[in-house]
Amino acid sequence: MKLGICYPYELEPQAALDLVRTCDARGLDSVWIVENPGWPGAFSTAGAVAAVTRKALVSIGIVSAFTRAPAVIAVEAGQLQKISAGRFRLGIGVGPNRVLANFGIDTKHPVEGIAETIEVLRPLLAGGVATHQGPRHTVRDFKVTFGFDAPSIHIGTIGPKMTALAGRVADGVIISTHVPAGMMKEIVTTVGNAARSAGRDVKSVHITAFVVACFRKNVGEARDALRPRLAIDIARVARNVPTSVEMFVSAGLEEAKIRTLIAAERPADIRHLIDDKVVDALCFAGNATDFQRRLVEMRALGVDEVVLFQAPEEEGFMEHLDGLIAATKNAEI
């Protein structure tokens with residue numbers, strides 16, 4: 001099992017890069033850079049991460065394939081692959097539909113759009129020439145003018161159609177935060193079935209799962225620390241993605257409570273609606289021993305890499321780091 005962290009945007013850049021540098025030196029497997037509208041740019045941030053690390057994989061997860069042309073993505077990815085000496089991984093996805101619509105960006109037909117983007121990217125990342133005429137992209141005899149080894153392409157998704165696309169054409173799938181075990185298993189199964197139908201080796205599709213985590217010696221304290229954030233996240237996601245309500249219900253949260261969170265002006269103030277069972281279904285809470293047990297469960301689901309989201313920003317994270325890294329190695333036994 002591999003262990004990564006998300007780049008800690010809540011910290012000032014120098015503090016964030018110092019933390020990343022330390023994590024790399026102590027044996028962390030990967031650093032992931034997330035991009036959302038209004039956040040710092042993923043490619044520039046990834047370049048800074050590549051400059052301060054030596055072994056950890058520098059991974060973007062994700063940038064929207066609808067905000068940049070494939071040729072622009074290709075040259076950015078190629079330069080990051082060179083800067084990192086072959087440690088770069090490219091993650092693409094759709095992004096928040098409603099927010100992107102406010103920018104005038106059309107994300108209709110998302111599966112087809114991602115498939116077309118990858119179709120253009122593959123020859124460009126392999127050093128070839130791309131000529132393409134499609135519904136969304138037009139490219140005529142374009143070639144990246146500098147050489148690099150092709151980075152892997154990962155798709156960020158939890159939807160069944162996009163997940164199946166990842167199994168057919170991508171090198172990996174990135175599962176977003178707050179996905180319960182049952183749904184995670186469905187995603188892994190869908191990826192495997194799609195890969196087999198395309199004549200691919202199922203193991204060639206890397207499964208990465210993002211997990212919101214909080215580490216304390218006492219699991220109860222960790223759960224209590226996660227509850228306000230989880231209340232806010234559930235309200236936001238359920239409000240913007242109505243189909244996610246079913247996902248949260250499957251984690252043990254009653255639909256009436258979800259509606260109450262959505263309607264609340266300050267969801268964190270009613271965090272008592274999030275009981276221990278729901279916290280444990282959607283997050284990691286506890287110490288390194290608790291973490292190892294959960295890693296074994298996730299490995300059994302078919303997950304190859306766990307990425308800790310928001311945990312690095314927390315005070316005290318570094319004191320748990322060595323134990324967390326050791327847990328990933330022990331989870332392979």
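Me: Which helix holds both Glu297 and Arg294?
Reply: This is a predicted model: local features need pLDDT of at least 70, side-chain atom pairs count only at pLDDT 80 or more, and totals for chains, interfaces and linings use all residues. Residues are numbered from 1 along each chain as its sequence is written, and side-chain values use heavy atoms, leaving out hydrogens and water. Glu297 and Arg294 sit three residues apart, about one turn of the helix. Helices (H or I, at least four residues) and strands (E, at least two) are DSSP runs numbered from the N terminus, and the helix here is α12 (residues 288–301).

Me: How far apart are the closest N and O atoms of Glu297 and Arg294?
Reply: The pair forms a salt bridge, meaning a side-chain nitrogen of Lys or Arg within 4 Å of a carboxyl oxygen of Asp or Glu. Between Glu297 and Arg294, the closest N and O atoms lie at 3.5 Å.

Me: How many residues apart in sequence are the parts tied together by Asp171 and Arg122?
Reply: These two form a salt bridge, with N and O atoms 3.1 Å apart. Asp171 is in the loop between α6 (160–169) and β9 (172–175), while Arg122 is in helix α5 (residues 110–125), so the parts they tie together are apart by 49 residues.

Me: Is Glu314 buried or exposed?
Reply: Glu314 pairs with Arg216 in a salt bridge at 3.2 Å. The scale runs from buried (under 20% relative accessible area) through partly exposed to exposed (over 50%), with a 1.4 Å probe and protein chains only. Arg216 has 26% and is partly exposed. Glu314 has 16%, so Glu314 is buried.

Me: How much space lies in the largest cavity?
Reply: A cavity is a set of points on a 1 Å grid over the protein atoms alone where a 1.4 Å probe fits but cannot get out; lining residues have an atom within 4 Å of a point. Grid points are joined across faces, edges and corners, and volume is the space filled by probe spheres set on them. Arg216 and Glu314 are among the residues lining the largest cavity. Its space is about 40 Å³.

Me: Which side chain of opposite charge is nearest to Arg87?
Reply: Arg87 is in the loop between α3 (70–83) and β5 (88–93). Lys and Arg count as positive, Asp and Glu as negative; His and the chain ends are not counted. Arg87 is buried yet has no salt bridge. At 5.2 Å, the nearest side chain of opposite charge is Asp24.

Definitions and conventions. On a 1 Å grid over the protein atoms alone, a cavity is a set of points where a 1.4 Å probe fits but cannot get out, and a pocket is an open set with protein on both sides within 12 Å along at least five of seven lines; lining residues have an atom within 4 Å of a point.
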